[in-house]
Amino acid sequence: MTDLVIRPLTAGEEHLFISLSAPASVGMAWAGRDYLEVAAAAQYRPEWTWVALRDGEVVGRAAWWGGPDDPRPVALDWFDFGSDVEIGAALLRAAPFTAEYCLVLPPRWREEPTVRAEAEVRISAAEQAGMEPLVERLNYLWTPDAGVPLRPGRLEFRPEPDDEVILDAIRRTHHNTLDAHARAEMARGGVDASARDELEFLHWMPSPREWWRLAYTREGDLAGLTVPGRNHTRPTIGYVGVVPGQRGHGYGYDLLVEATHILADAGAAEIGADTDVGNIPMAAAFARARYPVVQERVFLHHPV
């Protein structure tokens, strides 16, 4: 058997990526993403798209995604290679990227043997390439058919133009957070680093800064922060965080409802959102606000 040739695409070779026949039961193929369309928007780029070839035939592929202005990819989210884990692992080891892997899956994916097998072989390849599981998340999609939930009226929402005030609110909401990404960032660099990373992400979204809201109780105390936003695909709930002293009152729901209203008033035809599987209070808030689960996502990352 001839050796694998692993390399990035060059401009004009997009046909190589789509030449691989892979089951559409998991990943971006299952989600219905069109590689060529997203590549035309400069969110997949030839240098971010790698293939493994044997005798000139593609036997593995990996595409890292990023925004059109990003200098480096944000995440690996398209990864196919058949059943040979070593091909997948070799492909990831050869590429020079350290972005996390986001494996998109159908809801309740473990209940379907074929889907579970496809997911597990990709997870195994990523682990063999040196990545580690980080978290599993639920992905939601609200549409106007669900109705805009009524505002509970318990909190006062105010715009806040000062990033330092927003940064302080994020620091407070990160204390004992259930969010695995924030906890991982705090483990690397502390709470200030995690808060600044969050703020950088909120600014990365191509949506109005004026949508951001701080929430206050009737007594004037800070309750939390909610950031409705838009990514490069759709409107989204960018951030919902409650400060420690105000937890236990269900304010996560109030923050979610306010963000939903802002986006719906701006004409959103759909709103995406995510929360960690282990974040039971936030999952309950999404269910109450009639956000159905449409995907599950498994994240793996490169340990520090």
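Analyst: Start with two helices: the crossing in which α7 passes α8 is right-handed. Helices here are DSSP runs of H or I with at least four residues, strands are E runs of at least two, and numbering starts at the N terminus. The model is predicted, so local features need pLDDT of at least 70 and side-chain atom pairs pLDDT 80 or more, while totals for chains, interfaces and linings use all residues. Residues count from 1 along each chain as its sequence is written, and side-chain values use heavy atoms, without hydrogens or water.

User: Why is α7 called oblique to α8?

Analyst: The axes of α7 (residues 180-189) and α8 (residues 191-204) come within 7 Å and cross at roughly 130°. That angle makes α7 oblique to α8. The classes are under 35 degrees for roughly parallel, over 145 for roughly antiparallel, 65 to 115 for roughly perpendicular, and oblique for the rest. Axes are lines fitted to C-alpha atoms, for helices over the stretch in contact, with angles from 0 to 180 degrees between N-to-C directions.

User: Which label do α4 and α5 get, and why?

Analyst: Helix α4 (residues 85-94) and helix α5 (residues 113-128) have axes that come within 8 Å and cross at roughly 45°. The two are therefore oblique to each other. α4 passes α5 in a right-handed crossing.

User: Is Ile 87 buried or exposed, and what makes it so?

Analyst: Ile 87 sits in helix α4. Its relative accessible area is 6%, so it is buried. Buried means under 20%, exposed over 50%, and partly exposed in between, with a 1.4 Å probe and protein chains only. Ile 87 and Val 38 are 49 residues apart in sequence, and their C-alpha atoms are 25 Å apart.

User: What about Ala 182, buried or exposed?

Analyst: Ala 182 belongs to helix α7. At 4% relative accessibility, Ala 182 counts as buried. From Ala 182 to Gly 272 is 90 residues in sequence and 20 Å in space, C-alpha to C-alpha.

User: And why does Asp 3 get the label it has?

Analyst: Asp 3 lies in the segment before β1 (5-8). Its relative accessible area is 66%, so Asp 3 is exposed. Its C-alpha atom is separated by 52 Å from that of Ala 285, 282 residues apart along the chain.

User: What is the phi of Ala 42, and what makes it worth a note?

Analyst: Phi of Ala 42 is near 65°, a positive value in a residue other than glycine. Most residues other than glycine have a negative phi. Ala 42 lies in the loop between α3 (35-40) and β2 (49-54). At 29% relative accessible area, Ala 42 is partly exposed.

User: What is the phi of Asp 55?

Analyst: Asp 55 has a positive phi of about 55°, and it is not a glycine. Asp 55 is in the loop between β2 and β3 (57-65). Its relative accessibility is 64%, so Asp 55 counts as exposed.

User: How many cavities of 30 Å³ or more does the search find? What makes a space a cavity?

Analyst: The whole structure holds two cavities of that size. A cavity is a set of points on a 1 Å grid over the protein atoms alone where a 1.4 Å probe fits but cannot get out, and lining residues have an atom within 4 Å of a point. Grid points join across faces, edges and corners, and the volume is the space filled by probe spheres set on them.

User: What lines the largest cavity?

Analyst: The largest cavity has about 60 Å³ of space. It has 13 lining residues, and the closest to its centre are Gly 27, Met 28, Asp 77, Trp 78 and Phe 79. α2 (27-31), β4 (75-80) and β5 (100-105) each give two or more residues to this lining. By class, the lining has nine nonpolar, one polar and three charged residues. Nonpolar means Ala, Val, Leu, Ile, Met, Phe, Trp, Tyr, Cys and Pro; charged means Asp, Glu, Lys and Arg; the others, Gly among them, are polar.

User: Which residues line the second largest cavity?

Analyst: Trp 64, Leu 76, Leu 92, Phe 97, Ala 99, Met 131 and His 302 do. The second largest cavity has about 50 Å³ of space. Its lining has six nonpolar, one polar and no charged residues.

Terms used. 1 Å grid on protein atoms, 1.4 Å probe; cavity = no way out; pocket = protein on both sides within 12 Å on 5 of 7 lines; lining within 4 Å. Left-handed = near helix turned anticlockwise from the far one by under 90°.
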